[in-house]
Amino acid sequence: MDLPIADICVVTPYPAHGEPRGPRHARAWAEAFPKRKVLFLDCAAEGAPRPCPKSLQDVPNLRWHTFKFSTRQTNFVKWLTIKARQRLALWRFRRGGVVTSNLLAPELHGLYKLLAGSQTAIYHAHKWEVFLPLLQSGARPSNCVFDCMEFYSEMGEGQSAEVSEAIRKLEACWLPQCRL
């Protein structure tokens, strides 16, 4: 599956209706640059409802595409594969400090392949879960706007020490090179 051609792509790891800033940012880009094609790319579980937020409606140069991933309920075998990828990524990080997108969001495995085929000039990435696959796809950090409301490596509750450490490594490596 290929992405629609776009000049600007706003990417979020959440469904459009669950991440209100993403659709609003896509609309803002589309209205600021009416002659440019803007793509809003969200991520959602297979079979999940896709209510369209008002901010994605009635903008002629704005397209919406959803990257779908398997869950335990939709495809148990694929879900087991996702969990295995996550365990392998954690093992690789513990053994050698290697940070992969499977450590942060294994359900989004394959997002980088989808992004690799795009000819987008500017990316607006919400959170590390989609920023790392963007970098893996070949996007230059200088063409990326990174958007994360909280200082992610210090999120605290619900985040393992390994994930926090991995994100600190990513922050030190990549953030100085992109547009914040």
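Predicted model: local features only at pLDDT ≥ 70, side-chain atom pairs only at ≥ 80, totals over all residues.
User: Is the pairing parallel or antiparallel?
Analyst: The pairing is parallel.

User: What holds strands of a sheet together, in general?
Analyst: Strands of a sheet pair through backbone hydrogen bonds.

User: Back to this one. Which are the edge strands?
Analyst: They are β3, residues 62-69, and β5, residues 144-147. Each of these pairs on one side only.

User: How much are neighbouring strands turned against each other?
Analyst: On average by 20 degrees, with direction ignored.

User: Zoom in on β1 and β4. How many bridges join them?
Analyst: Four bridges. Strand β1 covers residues 8-11, and strand β4 covers residues 122-126.

User: What is the bridge partner of V10 in β4?
Analyst: H124 is the partner of V10.

User: Now helices. Which strands does α5 lie across?
Analyst: Helix α5 lies across β1, β4 and β5. It runs at about 145 degrees to β4.

User: And α5 with α6: at what angle do their axes cross?
Analyst: At roughly 50 degrees, and the axes come within 12 Å. Here α5 is residues 128-136 and α6 is residues 161-174. The two helices are therefore oblique to each other.

User: Is that crossing left-handed or right-handed?
Analyst: The crossing of α5 and α6 is left-handed.

User: Which residues make the contact?
Analyst: From α5, they are W128, F131, L132 and L135. From α6, they are I167, L170, E171 and W174.

User: How do they split by class?
Analyst: The contact of α5 with α6 has seven nonpolar residues, no polar ones and one charged.

User: What about α2 and α6? At what angle do they cross?
Analyst: Their axes cross at roughly 65 degrees and come within 11 Å. Helix α2 is residues 76-96. So α2 and α6 are roughly perpendicular to each other.

User: Left-handed or right-handed, this crossing?
Analyst: The crossing of α2 and α6 is left-handed.

User: Who makes the contact there?
Analyst: On the α2 side, L90, F93 and R94. On the α6 side, E162, E165, A166 and K169.

User: How do those residues divide by class?
Analyst: The contact of α2 with α6 has three nonpolar, no polar and four charged residues.

Methods:
Residues numbered from 1 in each chain as written. Heavy atoms only, no water. Axes fitted to C-alpha atoms, helices over the stretch in contact; angles between N-to-C directions. Parallel < 35°, antiparallel > 145°, perpendicular 65-115°, else oblique. Left-handed = near helix turned anticlockwise from the far one by under 90°. Contact = heavy atoms within 4.5 Å. Nonpolar A, V, L, I, M, F, W, Y, C, P; charged D, E, K, R; others polar. Pairing = 2+ DSSP bridges.
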